[in-house]
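Subject: Handing over a structure

Hi there,

Here is the structure I promised to pass on to you. Have a look at it first, and then read on for what turned up.

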Amino acid sequence: MKTEDPSMTKPHIAVIGAGAWGTALACATAATGADITLWMRSPVPPGTRVLPRLPTVRLPENVTITGTFPQSADVVLLVVPMQTLRDVSTRLETVLAPSIPVITCCKGLEEGTSRLPLEVLAETMPGRPCGVLSGPNFAIEVARGLPAAATLACAELALAVQLTELLNTSSFRLYASDDPKGVQLAGAAKNVVAIGAGITIGAGLGENARAALITRAVAEIGRLAEATGGRASTIAGLAGMGDLILTCTGRGSRNYSLGLELGEGRPLADILAARTTVAEGVHTAPAMQALARATDVSAPIMETVTRLLAGEFTPDDARHLLLDRPPTLE
Ligand SMILES: NC(=O)C1=CN([C@@H]2O[C@H](COP(=O)(O)OP(=O)(O)OC[C@H]3O[C@@H](n4cnc5c(N)ncnc54)[C@H](O)[C@@H]3O)[C@@H](O)[C@H]2O)C=CC1
Ligand SMILES: O=C(CO)COP(=O)(O)O
């Protein structure tokens, strides 16, 4: 009788959240040959291979959809909207073995606390090895296997390297980093800047203005990263500059397209009412403004986008994004 060699056991990657990005990450990591389980909160009929958020993508055979949280896996990717991370991770913690590493793939700050994703997990999953994955990655392109890259950061570089080796594929290239704070700050802040970039174009301020906005955002995010214990140099990488370029110019971005509509004069409430998908920048902007104020960092872009979203500025005032400050040194 044949006995199974335990060293030949396939890795198991669990993805929590079957929105656009969770579905795409299930597809991308399936290319490692691992067994993938994809947790979704809404049940689907048995045999479902196409999920609502990416209706043109068929899940690979080694992806299993489940409604039950994993107790074990080689790694768990948490891919839910930022404002649900605390609730979902609290529930997951009750069943998941304590040594299993968890990677957050959320891009945002928690509204009300201004916590970064890993700061939330430090409270809900204390002592667990954790990391963050972030980069210029539109879900549909990653799901289709088009080439893309991202940064995977952990406080311990050795863990980041180990996880990149587990998750890297020939089309989804991962770079390891030991600056999780900088990576998280970059991923959260770019959503706010993308709304600003959309407003700039929607309000007719022009592409020069958008380029200036993106460039000044790099400096602003660098200051915020340093204030939270991250490195400004991280903002030059995939999670910073890379994602700013993508999200502030690509119409596939939900944050950018929301900004476009705002800039054209449509009320925020109407824009949100017509959407079912998450635009993280709407929640992250006030949290970023609060963080900047609490850490005494000059953050005029975060401040202005927050005030535009709150209706304190009209799109006609959008030039505040760039112009209403005295000249200074670059
Ligand atoms: N879509 C993209 O291209 C990318 C998204 N991200 C980030 O990934 C995160 C998730 O975004 P998407 O998947 O795009 O969002 P989405 O809007 O496509 O889907 C969100 C998913 O979360 C689920 N969900 C909502 N509330 C929940 C709750 N209370 N408990 C459990 N699940 C809940 C929904 O059912 C849905 O499946 C966000 O932080 C986003 O910034 C990061 C990189 C790329
Ligand atoms: O994070 C993303 C691309 O890297 C997706 O951006 P949006 O959430 O704005 O669609």
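**What was found**

R91 and D87 sit 4 residues apart in helix α2, about one turn of the helix. (Helices, H or I with at least four residues, and strands, E with at least two, are DSSP runs numbered from the N terminus.) The side chains of R91 and D87 meet in a salt bridge, with 3.4 Å from N to O. By salt bridge I mean a side-chain nitrogen of Lys or Arg within 4 Å of a carboxyl oxygen of Asp or Glu. Searching the whole structure gives 13 salt bridges.

Before going further, please note that this is a predicted model, in which local features need pLDDT of at least 70 and side-chain atom pairs count only at pLDDT 80 or more, while totals for chains, interfaces and linings use all residues. Residues are numbered from 1 along each chain as its sequence is written, chains are lettered from A and ligands numbered from 1 in the order in which they are written, and side-chain values use heavy atoms, leaving out hydrogens and water.

Now to the domains. The chain is divided into domain 1 (12-178) and domain 2 (185-324), with bounds that come from an automatic or database domain assignment. Their contact (heavy atoms within 4.5 Å) takes 21 residues from domain 1 and 25 residues from domain 2. Taken over C-alpha atoms, the centres of the two domains are 25 Å apart.

How much area is buried between domain 1 and domain 2? The value is about 1800 Å², with carbon and sulfur atoms giving 63% of it. Buried area here is the accessible area (1.4 Å probe) that two parts lose on being put together, summed over both. K107, L109 and F138 supply 32% of what domain 1 buries against domain 2, more than any other three residues. The rule also finds 2 salt bridges across this interface.

The largest pocket comes next, at a volume of about 1200 Å³. Of its 43 lining residues, G19, A20, P81, R254 and V278 are the closest to its centre. For the terms: on a 1 Å grid over the protein atoms alone, a cavity is a set of points where a 1.4 Å probe fits but cannot get out, and a pocket is an open set with protein on both sides within 12 Å along at least five of seven lines; lining residues have an atom within 4 Å of a point. Grid points are joined across faces, edges and corners, and a volume is the space filled by probe spheres set on the points.

Helices that supply at least two lining residues each include α1 (20-30), α2 (85-93) and α9 (254-263). The lining divides into 21 nonpolar, 13 polar and 9 charged residues, where Ala, Val, Leu, Ile, Met, Phe, Trp, Tyr, Cys and Pro count as nonpolar, Asp, Glu, Lys and Arg as charged, and the others, Gly among them, as polar.

Best wishes
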